[in-house]
Amino acid sequence: MSSTQEDHTLMSLAELQAREGIRRLVSLYGQLLDDLRLEEWGQLFAEDAIWRIPSVTFEGRAAIVQGVGAMEPAEPGRAKHLTLDPVIDFESATRARVWTDQIALQCPEESWAVVAAGRYYDVVEFDGTAWQFVSREADVRWPPGSAGLTGLVPVPAR
């Protein structure tokens, strides 16, 4: 294998590792939140991160944990945040944009109901140890067809 081929292989491995780390971040978001493990969930965000949905914005990790935590059911297992495969575009080796379709379910009584559906528009960064959300914007509509977020970077076609 030539030096150029070795460099390409190493770059490909690094990108695969980064993609897996980002997928893990996206998955942990819903699972930790659904389990109400808010302290651990908060570590998924950069200290100065932004979390936004139509009509609500939280700035900073502490505000995100407090604000989003207050929106969740009081006991674990009553909500499920489901995500589909993310589209990941790297801006650099340590920064990426991520688009993920999502559905949120709640079970306040004995059956599950869809309470939100939309798309996450994320900016994530690698802090040297793990990937974190720098911004997480969820374009969800309540009710469907209502006004959503503006100024979002659209999903790339390729």
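Modeller: A residue counts as buried here when its relative accessible area is under 20%. The model is predicted.

Biologist: How many aromatic pairs are there by the rule for ring centres?

Modeller: The count comes to nine aromatic pairs. One of them joins Y29 and Y120, with centres 5.5 Å apart and planes at 70 degrees.

Biologist: What makes the pair of F45 and F133 tilted?

Modeller: Its planes are 35 degrees apart, with 5.3 Å from centre to centre. Stacked needs under 30 degrees and edge-to-face over 60, so the rest, including 35 degrees, is tilted. This pair also links distant parts of the chain: F45 is in strand β1 and F133 in strand β7 (residues 131–140), 88 residues apart.

Biologist: How do you know whether F45 and F133 are buried or exposed?

Modeller: F45 has a relative accessible area of 0%, which is under 20%, so F45 is buried. F133 also has 0% and is therefore buried. Y29, W41, F45, Y120 and F133 form one aromatic cluster.

Biologist: How do you know that R136 sits over the ring of Y120?

Modeller: The distance limit is 6 Å from the ring centre, with a further limit of 35 degrees from the ring normal. The charged end of R136 is 3.5 Å from the centre of the Y120 ring. R136 also lies over the face of Y29, at 4.2 Å from that ring centre.

Biologist: Why is V114 called exposed?

Modeller: Exposed means over 50% relative accessible area; V114 has 57%, so V114 qualifies. V114 lies in strand β6 (residues 113–126). With L82 and I103, V114 forms a nonpolar surface patch of about 250 Å² accessible area together.

Biologist: What makes β1 and β2 a pair of strands?

Modeller: At least two bridges are needed. Strands β1 (residues 45–53) and β2 (residues 56–59) have four and run antiparallel, so they pair. They form a hairpin with two residues between them, and S55 in the turn has a positive phi of about 80 degrees. W51 stands opposite F58 in β2.

Note on methods: Residues numbered from 1 in each chain as written. Predicted model: local features only at pLDDT ≥ 70, side-chain atom pairs only at ≥ 80, totals over all residues. Heavy atoms only, no water. Patch = residues over 30% accessible without salt bridge, like charges linked within 9 Å, V, L, I, M, F, W, Y side chains within 5 Å. Areas by Shrake-Rupley, 256 points an atom, 1.4 Å probe, with all protein chains shown as cover. Salt bridge = Lys/Arg side-chain N within 4 Å of Asp/Glu carboxyl O. Buried < 20%, exposed > 50% of the residue type's maximum accessible area, 1.4 Å probe, protein only. Phe/Tyr/Trp six-rings, centres within 6.5 Å; stacked < 30°, edge-to-face > 60°.
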